[in-house]
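Here is a friendly walk through a structure, written for someone who likes cut-offs spelled out. Please have a look at the sequence and the model first.

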Amino acid sequence: MRIAVLAGGIGGARFLRGVRVACPDDTITAIVNTGDDVTLHGLRICPDLDSVMYTLGEAHDADRGWGRKGESWRIKDELRAYGAEPSWFGLGDLDIATHLVRTRMLEAGYSLTDVTAALCTRWQPGVSLLPMTDDRCETHVVVELAGARRAIHFQEWWVRYRAAQPAEAFVQVGVDDATATPAVLEAIVTADVVLVAPSNPVVSIGTILGLDDLREALVTGPAPVVGVSPIVGGVPVRGMADACLPAIGVEVSAEGVARHYGARSAGGLLDGWLVHDTDTAHVEGITVRAVPLMMTNDDATADMVRAAMHVAGVRV
Ligand code: GDP
Ligand code: CA
């Protein structure tokens, strides 16, 4: 069986670990958000791709939630000593090696898809890891700063300001000229099932769906699409997704997100939707099932994945 998974960073990575456990003999393709990508100190950084790659490659720092285990920060300290801005981004020494390899390959003309595959030969994530696009398409956030309305890179808003400045809007810079990669489109049209990880509905999944051709492939494709709610009891399980949903006029609830994604039968994304067992959701055209949605370990996550497969009507 072929399984395609739409994923952001940490939520996507944890979910994919569960897919790997639940479906060990199947072909799993992760289609990952690249809207967070940014160039800092001349290095091309892809936070969500790296979160998935490190987490599936057992190289991640499980306590911190992002980056490499055993990380050190000597280069960051040196940059700060030089007054080299920006100093707010967590650039670890081990992580920088990844960014150096990526940046050099991109500058040599390789696509991000090829670069990601090359990096994965080291980490062996056990899934095929695909950036949603090879084009530059970066999320910016419109905020008020020092009395002026400005659009800043998503990373600056998220990491530097901890999403404390209310977002007025999210803008995908470059999206009009960006297309999904052929590999992504093929993964969608040949999939037996598409799963939507409990990733941030706005700046992870929303960004992926911002690519018209990708969205079209999902909406019209043959495979059932089942999503998992990142919102439990009206709050995000981890992180700051509640800073994003109100900016696009979506209620912070499992039902609000399902309504926002919409039923595939009505031109939306979903055939099925998992909510936490204490939540409910009613959206016409979407089959809703309530099961435990806490990704406390891979086995618990694998149970969620099996429930999603069941809703999709495919065997596991
Ligand atoms: P990021 O790119 O690193 O911010 O990560 P993602 O966008 O992939 O995922 C972030 C989302 O994961 C947050 O909105 C959380 O609500 C959600 N999340 C994190 N842990 C859990 C969990 O255990 N269960 C569920 N249902 N959602 C989770
Ligand atoms: Ca992210």
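## A pair within helix H11

Asp 303 and Arg 306 both sit in helix H11, 3 residues apart, or about one turn of the helix. Helices here are DSSP runs of H or I with at least four residues, strands are E runs of at least two, and both are numbered from the N terminus. An α-helix has 3.6 residues a turn, so residues three or four places apart point the same way. The side chains of Asp 303 and Arg 306 meet in a salt bridge, with 2.8 Å from N to O; the term stands for a side-chain nitrogen of Lys or Arg within 4 Å of a carboxyl oxygen of Asp or Glu. Asp 303 is partly exposed at 48% relative accessible area, and Arg 306 is partly exposed at 33%. For these labels, buried means under 20% relative accessible area, exposed over 50%, and partly exposed in between, using a 1.4 Å probe and protein chains only.

Salt bridges with shared partners also join Arg 17, Arg 20, Glu 58 and Asp 298 into one network.

## How to read the values

This is a predicted model, where local features need pLDDT of at least 70 and side-chain atom pairs count only at pLDDT 80 or more, while totals for chains, interfaces and linings use all residues. Residues are numbered from 1 along each chain as its sequence is written, chains are lettered from A and ligands numbered from 1 in the order in which they are written, and side-chain values use heavy atoms, leaving out hydrogens and water.

## Other salt bridges

How many salt bridges does a search of the whole structure find? The search gives 12. One of them pairs Arg 17 with Asp 298, with the closest N and O atoms 3.1 Å apart. This pair links distant parts of the chain, as Arg 17 is in helix H1 (residues 10–22) and Asp 298 in helix H11 (residues 298–312), 281 residues apart. Arg 17 is buried at 12% relative accessible area, whereas Asp 298 is partly exposed at 26%.

Arg 64 forms a salt bridge with Asp 61, and the closest N and O atoms are 3.3 Å apart. Here Arg 64 is partly exposed at 31% relative accessibility, while Asp 61 counts as buried at 15%.

An open sheet of 7 strands runs in the order E5-E2-E1-E9-E10-E13-E14, with parallel pairing; two strands pair if DSSP finds at least two bridges between them. Strands E5 (128–131) and E14 (287–290) stand at the edges with a single partner strand each, so one side of each has no neighbour in the sheet. Within the sheet, 6 bridges join E1 (residues 2–7) to E2 (residues 27–32), and Val 5 has Ala 30 as its bridge partner in E2.

Helix H2 (residues 47–56) lies across E2 and E5, at about 175 degrees to E5. Such angles run from 0 to 180 degrees between N-to-C directions, with axes fitted to C-alpha atoms, for helices over the stretch in contact; contact means heavy atoms within 4.5 Å. Of the 10 residues of H2, 10 are buried, so the helix is largely enclosed by the rest of the structure.

## The largest nonpolar core

The largest nonpolar core has 53 residues, and those touching the most other members include Trp 157 and Trp 273. Such a core is a set of buried Ala, Val, Leu, Ile, Met, Phe, Trp, Tyr and Cys residues joined through side-chain atoms within 4.5 Å. Helix H10 (residues 254–261) gives the most to this core, with 4 residues.
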